[in-house]
Amino acid sequence: LGANYVGKTTTASHLVWQHGFSFMSDNFIVTKDNIVYGFPDGIRTAQFLPEPDFLAIYGIADKNFVKVPSEKIAASAITAKTFFLQLGPEPIVEKIDSTEALRRLTACHNYLQEFPEYSYLVFLRNFPPAVVRQERLTSFLKSQELFLLQSSPDQIKTMELLTKYLN
């Protein structure tokens, strides 16, 4: 999770193609308890890629949608760890608590304002009110081991550090 251009696609691609993880979503996830449900629609890549040779390993070369093979897509997963990505000069991984995770999610959403077109959901029958959605999100975050991953321009060094925290 993180803002634009922090390395989410790069990180996900590395985990899928190098470590046997499954792809779930490029933009949206739905959670219930500690189960995550995805919306796999292909990987969107940025126009500016700081390490094109690194991403080329995974077939990502420019701004487009990269089709993910169906055998690499998971419809749902039980999660135990959640990483929040940010950019920085050196790769760092540190634990954060659910309050910080919620603050980061809220700040990211408020900054990006990417999903106002989904405001119609509040009118759907059985769509929970904001306070219930907030409680569910807080519960999900409390069920996770939460980390801040600072991704550096040296993507290989970043991925090596991340790999230590995956098990």
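# Questions on a predicted chain fold

Student: Which pattern does the chain follow, read along the sequence?
Tutor: Read from start to end, this predicted model follows the pattern α-β-β-β-α-β-β-β-β-α-α-β-α. The secondary structure comes to five helices and eight strands. The order to remember is α-β-β-β-α-β-β-β-β-α-α-β-α.

Student: How much of the chain counts as buried?
Tutor: The cut-off for buried is under 20% relative accessible area. The chain has 167 residues. The share that counts as buried is 34%.

Student: What share of the contacts with a separation of 6 or more comes from residues 24 or more positions apart?
Tutor: Take the contacts in the chain with a separation of 6 or more. Then pick out those between residues 24 or more positions apart. Their share is 70%.

Student: Which strands stand at the edges of the open sheet of three strands?
Tutor: The open sheet has the order 1-2-5, with antiparallel pairing.

Student: Which residue in strand 5 stands opposite Val36?
Tutor: Strand 2 covers residues 35-38. Strand 2 pairs with strand 5 in the antiparallel sense, over three bridges. Opposite Val36 stands Ala77.

Student: Which residues of strand 8 are the bridge partners of Val93 and Leu87?
Tutor: Strand 8 spans residues 145-151. The partner of Val93 is Leu149. The partner of Leu87 is Ser151.

Student: How many residues of strand 8 are buried?
Tutor: Strand 8 has seven residues and is mostly covered. The number buried is six.

Student: Is Pro89 buried or exposed?
Tutor: Pro89 sits in the loop between strand 6 (81-87) and strand 7 (92-96). Exposed requires over 50% relative accessible area. Pro89 has 67%, so it counts as exposed.

Student: How far apart in space are Pro89 and Pro153, C-alpha to C-alpha?
Tutor: In sequence, Pro89 and Pro153 are 64 residues apart. Leaving aside neighbours within four places in sequence, Pro89 is in contact with Gln150, Ser152 and Pro153. The C-alpha distance from Pro89 to Pro153 is 7.0 Å.

Student: Is Ser152 buried or exposed?
Tutor: Ser152 lies in the loop between strand 8 and helix 5. Not counting residues up to four places away, Ser152 touches Gly88, Pro89, Glu90, Pro91 and Thr158. Its relative accessible area is 2%, so Ser152 is buried.

Student: What does helix 1 span, from its first C-alpha to its last?
Tutor: Helix 1 has 12 residues. At 1.5 Å a residue, 16 Å is expected, and helix 1 comes close to that. Its reach is 16 Å.

Student: At what angle do helix 1 and helix 5 pack?
Tutor: Two packed helices are described by the angle between their axes and the distance between the axes. For helix 1 and helix 5 (residues 155-163), the axes are 11 Å apart. The crossing is right-handed. The angle is about 65°.

Student: How many residues of each class make the contact of helix 1 with helix 5?
Tutor: Helix 1 brings Thr10, Thr11, His14, Leu15 and His19. Helix 5 brings Gln155, Met159, Leu162 and Thr163. By class, the contact has three nonpolar, six polar and no charged residues.

Student: Is Lys142 buried or exposed?
Tutor: Lys142 lies in helix 4 (residues 130-142). Its relative accessibility is 61%, against a cut-off of over 50%. Lys142 therefore counts as exposed.

Technical notes: Residues are numbered from 1 along each chain as its sequence is written. This is a predicted model: local features need pLDDT of at least 70, side-chain atom pairs count only at pLDDT 80 or more; totals for chains, interfaces and linings use all residues. Side-chain values use heavy atoms; hydrogens and water are left out. Two strands pair if DSSP finds at least two bridges between them. Helices (H or I, at least four residues) and strands (E, at least two) are DSSP runs, numbered from the N terminus. Axes are lines fitted to C-alpha atoms, for helices over the stretch in contact, and angles run from 0 to 180 degrees between N-to-C directions. A crossing is left-handed if the near helix is turned anticlockwise from the far one by less than a right angle, and right-handed if clockwise. Contact means heavy atoms within 4.5 Å. Ala, Val, Leu, Ile, Met, Phe, Trp, Tyr, Cys and Pro count as nonpolar, Asp, Glu, Lys and Arg as charged, and the others, Gly among them, as polar. Buried means under 20% relative accessible area, exposed over 50%, partly exposed in between (1.4 Å probe, protein chains only). The expected span of a helix is 1.5 Å times one less than its number of residues.
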